[in-house]
Amino acid sequence: VTRQTSHVEEKARRLPVIDSADIVVLGGGSAGLSAAVSAARLGADVLLIERYGFLGGVATAAMVTSFCGLYFDRTEDACRIVRGFADDLLSLIDQQGGLAHPRRVKPGAISQAFDATAYKFAADDLVDDAGVRLRLHSYGVATLPDPDEASRIGHLVVESKSGRGAIAGKVFIDASGDGDLAAISGCAFEIGDEHGFMQYPTTMFRMRNVEDALAAGIRKTIGGKVADAIASGEYDLPRKYVSVSPQPFSTEWRANATQVRSESDEAIDGTDVLQLSRAEMEGRRQVREFHRFLKSRVDGFAKSSILDTAPQIGIRETRRILGQRELNAEHVAGGKTCQDAIGLGCWPFETHRSGTVDWRAVGGRGYYDIPLGMMIPAEGPRNVLIAGRCASASPEALASVRVMGSCMVMGQAAGTLAALAVQEPRTLAEIETSELRQVLGNNGVCFSPDDLSIAPTQA
Ligand SMILES: Cc1cc2nc3c(=O)[nH]c(=O)nc-3n(C[C@H](O)[C@H](O)[C@H](O)COP(=O)(O)OP(=O)(O)OC[C@H]3O[C@@H](n4cnc5c(N)ncnc54)[C@H](O)[C@@H]3O)c2cc1C
């Protein structure tokens, strides 16, 4: 609960313009990294702004160390349908020995574990090589309209240890996950479904000294063991469906097993700092409890200890900025096509409900087109694009399209569109989808499954 008891006036102040760029990207997660690198590779001057001291977003800051939504499951094999920028990120992680072989979590759901530190190093190399300028430790807090054209943003205001300053830009990409930039600049958004339901968040953690061979069969047995532990009354475990899986380096495992609620038993609101503060403590309490259960009741974990907890709780859902087109459940469930496709998504609907996780497959072809329209705000400033978790999707569709594979697809499209706009220059709306798709295709983006097939391991 946010308590506002009184107010004080803050004096208006002149801000120094501390930087300027053609394209300003807020947020260095899967979407923002992909957007910044893709735009810079097309010759644009790009500034990437990130509040932490490293890139990766949820992948590193919340230690969600497996890629989902990269592989279309063809039953006998799997085909990678997210290419382009993703090829380079995966390859750099792999070169460090930090990428595991893809594995089938369940039919239609193939994930690929990676090492979070290898991701950070790969992200550093990618931005360096592309010539992206980076401002870490910088929080985007406000936008100012373009003095010559009120329908455009002129500056993004950031706060950091160096103080408060404005950054000028021509196109702004909101890849903050929470839609911070779009929301503060007047774009319409929604939080939760019609009942206010949002997906529950999770504090991730890693363990060391796990006996790999003993733990290998865990996926088949863990559900029963969690159920027994809950029934015994000896453990306080919040979720029936959990995922405990090996990392690329031996004896290192990670767990996705906590579920943090608000005082009213709903998902905590990741845009409320008091709820976030409480949730971080509660998440770590649950980590200790779940590890106590693993150590005493699950083969392979007796000698293990907690290696680390994620720097921040993993938030699955907050603001969904309303776009020119909202991706809906019918589109995902039907594996549908669209005229303005900018790439493909394939992860099932994975909805974290109270105490459990619901799964529902992508139907039709087994994969769907991701539309550009979900990245263009329906209202608000005209030089803003939204990419990643905060793009326009119904709560149901978000349960599929929020994964990192789809976020990278959106990022590459947003960065490419922005780069095309500043090249000539043109407004974002002046660029034909056919031109965007052509450039994306030339840069490796996949619009239909090709021959790059692999045999996933069975989890
Ligand atoms: C617990 C959990 C488990 C998940 N499991 C998987 C999985 O196994 N595989 C998978 O593919 N997906 C998984 N997902 C979903 C997926 O990880 C995220 O939806 C996706 O990574 C979001 O990417 P993004 O780039 O849109 O946002 P983020 O990764 O959240 O990146 C946003 C970035 O913006 C920065 N930022 C935010 N606000 C500001 C601001 N105002 N100023 C400056 N910087 C800011 C953040 O620090 C962050 O770096 C999971 C999510 C959670 C929470």
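**View 1. The cavity found in the predicted model.** A search of the whole structure finds 1 cavity of 30 Å³ or more. A cavity is a set of points, on a 1 Å grid over the protein atoms alone, where a 1.4 Å probe fits but cannot get out, and its lining residues have an atom within 4 Å of a point. The largest cavity holds about 50 Å³ of space, where a volume is the space filled by probe spheres set on the points, and grid points are joined across faces, edges and corners. This is a predicted model, in which local features need pLDDT of at least 70 and side-chain atom pairs count only at pLDDT 80 or more, while totals for chains, interfaces and linings use all residues. Residues are numbered from 1 along each chain as its sequence is written, and side-chain values use heavy atoms, with hydrogens and water left out.

**View 2. The lining of the largest cavity.** Residues lining the largest cavity include Ile81, Val82, Arg83, Gly343, Met408 and Cys446. Strand S18 (341-345) and helix H11 (404-423) each supply at least two residues of this lining, and H11 gives the most, with 3 residues. Helices (H or I, at least four residues) and strands (E, at least two) are DSSP runs, numbered from the N terminus. The lining residues of the largest cavity divide into 8 nonpolar, 2 polar and 1 charged. Here Ala, Val, Leu, Ile, Met, Phe, Trp, Tyr, Cys and Pro count as nonpolar, Asp, Glu, Lys and Arg as charged, and the others, Gly among them, as polar.

**View 3. The second largest pocket.** About 330 Å³ of space lies in the second largest pocket. A pocket is an open set of points with protein on both sides within 12 Å along at least five of seven lines. Of the 18 residues lining the second largest pocket, Gln324, Ile376, Arg382, Leu428 and Ala429 lie nearest its centre. The lining is made up of 10 nonpolar, 5 polar and 3 charged residues.

**View 4. Residues around the ligand.** The ligand is surrounded by 34 residues (a heavy atom within 4 Å). Glu50, Arg51, Val58, Ser66 and Arg402 are the closest. A backbone N or O atom of Gly140 lies 2.9 Å from a nitrogen atom of the ligand. For Arg402, a backbone N or O atom lies 2.5 Å from an oxygen atom of the ligand. A polar backbone atom of Met404 is 2.8 Å from an oxygen atom of the ligand.

View 5. Thr65 lies in the loop between helix H2 (58-61) and strand S3 (66-67). Thr65 counts as buried because its relative accessible area is 1%, where buried means under 20%, exposed over 50% and partly exposed in between (1.4 Å probe, protein chains only). Leaving aside neighbours within four places in sequence, Thr65 has contacts that include Gln112, Phe114 and Arg254, a contact being heavy atoms within 4.5 Å. Leu144 is in strand S9 (residues 139-146) and is partly exposed, at 36% relative accessibility.

View 6. The peptide bond from Glu424 to Pro425 is cis, with omega near -5°. Pro425 lies in the loop between H11 and helix H12 (433-442). His137, in the loop between strand S8 (133-135) and S9, has a positive phi near 55° and is not a glycine. Asn209, also not a glycine, has a positive phi of about 60°, and its place is in the loop between strand S13 (205-208) and helix H6 (212-215).

How values were computed: A polar contact is a pair of N or O atoms within 3.5 Å; within protein, one must be able to donate a hydrogen and the other to accept it, and residues adjacent in sequence count only if both atoms are side-chain atoms.
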